[in-house]
Amino acid sequence: MRVVVDWDVCESNAICVGLVPSVFELDDNEYLSVEEEPDESLRPDLEKAVRSCPKQAIKLVD
Ligand code: SF4
């Protein structure tokens with residue numbers, strides 16, 4: 001599983017960071033950074049982040 005973020009639409013509002021902090025974090029410049037190949041056990045949390053992103057910027061790719 002890979003996590004893909006559409007950087008053209010992500011607005012760094014950190015909703016995903018709050019939901020899955022082990023995968024998404026904001027760097028010192030408040031830009032989002034992503035662990036692109038997280039453990040499979042995180043899939044349910046990541047699916048919630050996909051649904052919760054207001055910009056629909058997150059995709060999970062197998
Ligand atoms: S929830 Fe969506 S828009 Fe917000 S920081 Fe995460 S990927 Fe970007």
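Which residues does Leu46 touch, not counting residues up to four places away in sequence?

**Entry 1, basis.** I worked from a predicted model, in which local features need pLDDT of at least 70, side-chain atom pairs count only at pLDDT 80 or more, and totals for chains, interfaces and linings use all residues. Residues are numbered from 1 along each chain as its sequence is written, and side-chain values use heavy atoms, with hydrogens and water left out.

I looked up Leu46 and found that, beyond four places in sequence, it touches Met1, Val3, Val20, Val23, Phe24, Pro38 and Leu60 (contact: heavy atoms within 4.5 Å). I then noted that the largest nonpolar core has 16 residues, of which Val23, Phe24 and Leu46 touch the most other members. Such a core is a set of buried (under 20% relative accessible area, 1.4 Å probe, protein chains only) Ala, Val, Leu, Ile, Met, Phe, Trp, Tyr and Cys residues joined through side-chain atoms within 4.5 Å.

I recorded a positive phi of about 70° for Ala14, which is not a glycine. Ala14 counts as partly exposed because its relative accessibility is 25%, the class between 20% and 50%. Gln56, also not a glycine, has a positive phi of about 50°. I noted Gln56 as exposed, its relative accessible area being 71%, where exposed means over 50%.
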